[in-house]
Amino acid sequence: QPDDRGLIGDVPVLRVTRRGPEAVHFVPAALEPGAEVLLSLDWERRFDHMQQHSGQHLISAIAEQMFGFKTTSWELGHQRSLVELDTPSMTAEQVKALERSVNEKIRDRVPVTVRELAADDPEIERVRSRGLPDDHVGPVRVVDIEGIDSNMCCGTHVSNLSDLQVIKLLGMEKGKKNKTNLIFLVGNRVLKSIEQSHSTEKALTSLLKNGPGEHVEAVRRLQSSVKLLQKNNLNLLRDIAVLIARDFKSKPAPRQLFVLHRKEGDSEFMNIIANEIGTEETLLFLTVGDEKETGLFLLAGPVEAVENLGPRVAELLGGKGAGKRDRFQGKAAKMSRRGEVQALLQEFISHRSP
């Protein structure tokens with residue numbers, strides 16, 4: 001269970017941890033020894049932890065009684081919690097039955113009590129436990145859910161199961177070592193989850209222009225439309241790449257350098273142009289993406305030129321790349337420096353030309 005938060009006087013408590021029998025508080029400013037202070041507890045945080053922790057005890061106890069599934073660990077998360085059960089799987093029917101049973105116990109208003117036992121008390125042998133910490137000293141704390149569970153625990157708990165309000169089992173995940181993680185919410189977290197879901201539902205209703213029952217089908221239709229548009233867009237880009245290359249090759253005087261930027265292009269678009277134009281005689285510098293920020297680049301041309309210039313082009317563009325023979329390509333972080341790259345390539349060609 002996560003530690004508490006609050007104030008010592010007006011000094012916030014950043015963290016609390018246990019060292020042996022003592023609770024050590026971490027604070028950002030020194031406190032005056034011997035001073036009388038008012039302790040203020042973050043009750044919303046504490047009560048949330050109480051609800052989740054007592055809920056876990058109840059879920060673990062009923063899961064073992066109903067199905068023989070023992071709890072091997074659990075996690076109180078920031079938004080949701082889980083119980084690790086020693087079973088490779090659970091059926092949907094078992095999850096529903098377990099949820100129904102734990103909520104029946106909440107409606108029965110079963111008391112929850114805390115007692116302390118001496119370390120050598122034989123009663124400890126009858127208490128559910130995963131063992132004591134090596135540095136434990138003093139009495140052993142036991143949390144009892146009347147008629148349901150008796151569990152060794154140092155956490156904070158509600159005094160009656162009715163304080164849990166409700167438990168919602170959200171489903172299962174595959175756990176470690178052939179175990180199952182059962183995800184759950186308790187009390188106020190259930191209410192917050194419903195509120196969040198309702199807000200999402202309202203927003204989707206406004207965007208999709210239909211009722212909640214039709215949201216899933218509307219999203220499926222949108223996904224299909226997007227996939228079709230992406231496919232058509234890719235085909236058009238390929239056609240444009242071929243036309244650009246043919247236009248360049250149709251010019252009467254061959255040019256040694258070809259430079260092009262297209263915002264909506266991709267790696268395939270650039271490679272099609274390079275394939276169509278050819279890299280034996282022409283040096284190509286192609287870029288796609290945002291004109292001033294990030295994007296992709298391709299330097300293609302004679303092997304000697306590409307091997308010499310590729311790393312320098314990547315450095316100028318603030319990116320990284322890799323090359324093989326007549327091509328060097330990668331990601332660029334400073335597309336605004338394309339002009340500097342073009343100047344570098346022009347200088348290289350002018351020195352190479354007779």
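**View 1. The largest pocket of the predicted model.** A pocket is here an open set of points on a 1 Å grid where a 1.4 Å probe fits, with protein on both sides within 12 Å along at least five of seven lines. In this predicted model, the largest pocket holds about 1,300 Å³ of space. Its lining is made up of 36 residues, and those that lie nearest the centre of the pocket are Arg-18, Arg-141, Cys-153, Cys-154 and Gly-155. Two or more lining residues come from each of strand 3 (15–19), strand 4 (22–26), helix 1 (43–67), strand 6 (71–76), strand 9 (140–145) and strand 10 (149–152). Helix 1 gives the most to this lining, with four residues. Sorted by class, the lining of the largest pocket comprises 13 nonpolar, 13 polar and 10 charged residues.

**View 2. The domains and the place of the largest pocket.** The protein chain is divided into domain 1 (6–41), domain 2 (44–130 + 138–205) and domain 3 (228–351). Because domain 1 and domain 2 both give residues to the lining of the largest pocket, this pocket lies between them. Domain 1 and domain 3 have C-alpha centres that lie 62 Å apart.

**View 3. The second largest pocket.** About 490 Å³ of space lies in the second largest pocket. Of the 18 residues that line this pocket, Asp-48, His-78, Gln-79, Arg-189 and Lys-192 are the closest to its centre. The elements that contribute two or more residues to the lining of the second largest pocket are helix 1 and helix 3 (188–208). By class, this lining has five nonpolar, seven polar and six charged residues.

**View 4. The salt bridge between Arg-115 and Asp-144.** The structure holds 17 salt bridges, and one of them is the side-chain pair of Arg-115 and Asp-144, with an N to O distance of 2.3 Å. This pair links distant parts of the chain, since Arg-115 lies in strand 8 (residues 112–117) and Asp-144 in strand 9, 29 residues apart. The two partners fall into separate accessibility classes: Arg-115 has a relative accessible area of 27% and is partly exposed, whereas Asp-144, with a relative accessible area of 12%, is buried, because buried means under 20%.

**View 5. The salt-bridge network of Asp-3, Arg-5 and Arg-45.** A network of salt bridges links Asp-3, Arg-5 and Arg-45. Arg-5 counts as partly exposed, at 25% relative accessibility.

**View 6. The salt bridge between Glu-264 and Arg-262.** The side chains of Glu-264 and Arg-262 meet in a salt bridge, at 2.8 Å from N to O. Glu-264 is partly exposed, with a relative accessible area of 43%, and Arg-262 also counts as partly exposed, at 25% relative accessibility.

**View 7. The surroundings of Val-11.** Val-11 lies in strand 2 (residues 11–13) and, at 10% relative accessibility, counts as buried. When residues up to four places away in sequence are not counted, Val-11 touches Gly-6, Val-27, Pro-28, Ala-29 and Leu-31. Ser-40, which is 29 residues apart from Val-11 along the chain, has its C-alpha atom separated by 10.0 Å from that of Val-11.

Technical notes: Residues numbered from 1 in each chain as written. Predicted model: local features only at pLDDT ≥ 70, side-chain atom pairs only at ≥ 80, totals over all residues. Heavy atoms only, no water. 1 Å grid on protein atoms, 1.4 Å probe; cavity = no way out; pocket = protein on both sides within 12 Å on 5 of 7 lines; lining within 4 Å. Points joined across faces, edges and corners; volume = space filled by probe spheres on them. Nonpolar A, V, L, I, M, F, W, Y, C, P; charged D, E, K, R; others polar. Domains from an automatic or database assignment. Salt bridge = Lys/Arg side-chain N within 4 Å of Asp/Glu carboxyl O. Buried < 20%, exposed > 50% of the residue type's maximum accessible area, 1.4 Å probe, protein only. Contact = heavy atoms within 4.5 Å.
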